[in-house]
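Welcome, and please open the model in your viewer. We will go from one selection to the next and see what is there.

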Amino acid sequence: MNGIFMLSFVVTLVLSVVVDRRMLMKEKKSIRMAYGGFILLSIVLFVSKYMHWPILMPSRFFIHTVSPWFKRIIGI
């Protein structure tokens with residue numbers, strides 16, 4: 001990811017939180033917690049990408065671990 005995309009992502013994320021803040025104050029606590037969880041997850045993934053830490057993907061786990069095991073079981 002280049003710097004322009006990273007900057008636009010941060011600006012979009014901050015503006016989204018600012019615009020949604022009024023609406024979220026009227027919502028149930030569970031919806032606010034889910035929204036906060038998604039924002040936190042977005043920030044964690046953004047920071048890990050910015051710091052060049054590898055992001056584990058479920059598809060990679062499936063391809064390298066589950067698929068060979070499954071092929072041995074069914075005999076392919």
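Where is His-52 found? His-52 sits in the loop between H2 and helix H3 (58-74); helices here are DSSP runs of H or I with at least four residues, and strands are runs of E with at least two, numbered from the N terminus.

Before we go on, some notes on the model. This is a predicted model, in which local features need pLDDT of at least 70 and side-chain atom pairs count only at pLDDT 80 or more, while totals for chains, interfaces and linings use all residues. Residues are numbered from 1 along each chain as its sequence is written, and side-chain values use heavy atoms, with hydrogens and water left out.

**Stay on His-52**

Check the backbone of His-52: its phi is positive, about 60 degrees, although the residue is not a glycine. Most residues other than glycine have a negative phi. His-52 also counts as exposed, at 72% relative accessibility (buried means under 20% relative accessible area, exposed over 50%, partly exposed in between, with a 1.4 Å probe and protein chains only).

**Zoom out to the chain**

Show the whole chain as a cartoon. Along the principal axes, the C-alpha atoms fill a box of roughly 55 × 35 × 15 Å. Of the 76 residues, 9% count as buried.

**Select H1 and H2**

Now pick helix H1 (residues 3-26) and helix H2 (residues 29-50). Their axes come within 12 Å and cross at roughly 170 degrees; axes are lines fitted to C-alpha atoms, for helices over the stretch in contact, and angles run from 0 to 180 degrees between N-to-C directions. H1 and H2 are therefore roughly antiparallel to each other (the term applies to angles over 145 degrees). For the contact (heavy atoms within 4.5 Å), show side chains including Met-6, Phe-9 and Leu-13 of H1 and Tyr-35, Ile-39 and Ile-43 of H2. By class, this contact has twelve nonpolar, two polar and three charged residues. Ala, Val, Leu, Ile, Met, Phe, Trp, Tyr, Cys and Pro count as nonpolar, Asp, Glu, Lys and Arg as charged, and the others, Gly among them, as polar.

**Centre on Leu-13**

Leu-13 lies in helix H1 and is buried, with a relative accessible area of 17%. What does Leu-13 touch, not counting residues up to four places away in sequence? Look for Ile-39 and Ile-43. Draw a C-alpha distance from Leu-13 to Ile-43: these residues are 30 apart along the chain and separated by 8.9 Å.

Ser-48, in helix H2, is buried at 10% relative accessible area. Leaving aside neighbours within four places in sequence, Ser-48 is in contact with Trp-53 and Ile-55. From Leu-45 to Ile-55, ten residues apart in sequence, the C-alpha distance is 7.5 Å.

Methods. Parallel < 35°, antiparallel > 145°, perpendicular 65-115°, else oblique.
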